Amino acid sequence: MFLYILKSKNRRFRYKIGISKNPRQRVKTVTEPSVLVFALPLLFHRYFERYLHRKYNHLRRPIKGNGGTEWFYFWVPFRPILWVVVFFTAQVLLAFVVIN
């Protein structure tokens, strides 16, 4: 599963944080016209998605339609992307430690 970030084509500064097996296909099924900005495979995808939704709850801006509650208002989504990269790096390091 991937944790992804979509950008709305019609609404400025609106980004969707979600999870999907196929983020490119998910872009086509979301009601709001959007573009895939970022996607990264994560083992604990639901946990990280929930964490980001709670962390940025004060920036939540729902949109009517499929996946409408996961939209947020960011000027630039660097912080959520940074958190996802941190989570991914932690997973890789943990897997390395467990294997060795």
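A patch, for this tour, is made of residues with over 30% relative accessible area and no salt bridge, where like charges are joined within 9 Å and nonpolar side chains (Val, Leu, Ile, Met, Phe, Trp, Tyr) within 5 Å. A salt bridge is a side-chain nitrogen of Lys or Arg within 4 Å of a carboxyl oxygen of Asp or Glu.

What you have open is a predicted model, with local features needing pLDDT of at least 70, side-chain atom pairs counting only at pLDDT 80 or more, and totals for chains, interfaces and linings using all residues. Numbering runs from 1 along each chain as its sequence is written, and side-chain values use heavy atoms, leaving out hydrogens and water.

Start with the protein chain as a cartoon: you'll find three helices and four strands (DSSP runs numbered from the N terminus: H or I of at least four residues for helices, E of at least two for strands). Trace the sequence and the order reads β-β-α-β-α-β-α.

Switch to C-alpha atoms next. They fill a box of roughly 50 × 25 × 20 Å along the principal axes.

Now color by burial: 41% of the 100 residues count as buried (under 20% relative accessible area with a 1.4 Å probe, protein chains only; exposed is over 50%, partly exposed in between).

Then select Tyr73, Trp75, Val76 and Phe78, which make a nonpolar surface patch of about 490 Å² (areas by Shrake-Rupley with a 1.4 Å probe; for residues, only the protein chains shown count as cover).

Last stop, Phe78: this residue sits in helix H3 (residues 78–99). Phe78 counts as exposed because its relative accessibility is 63%.
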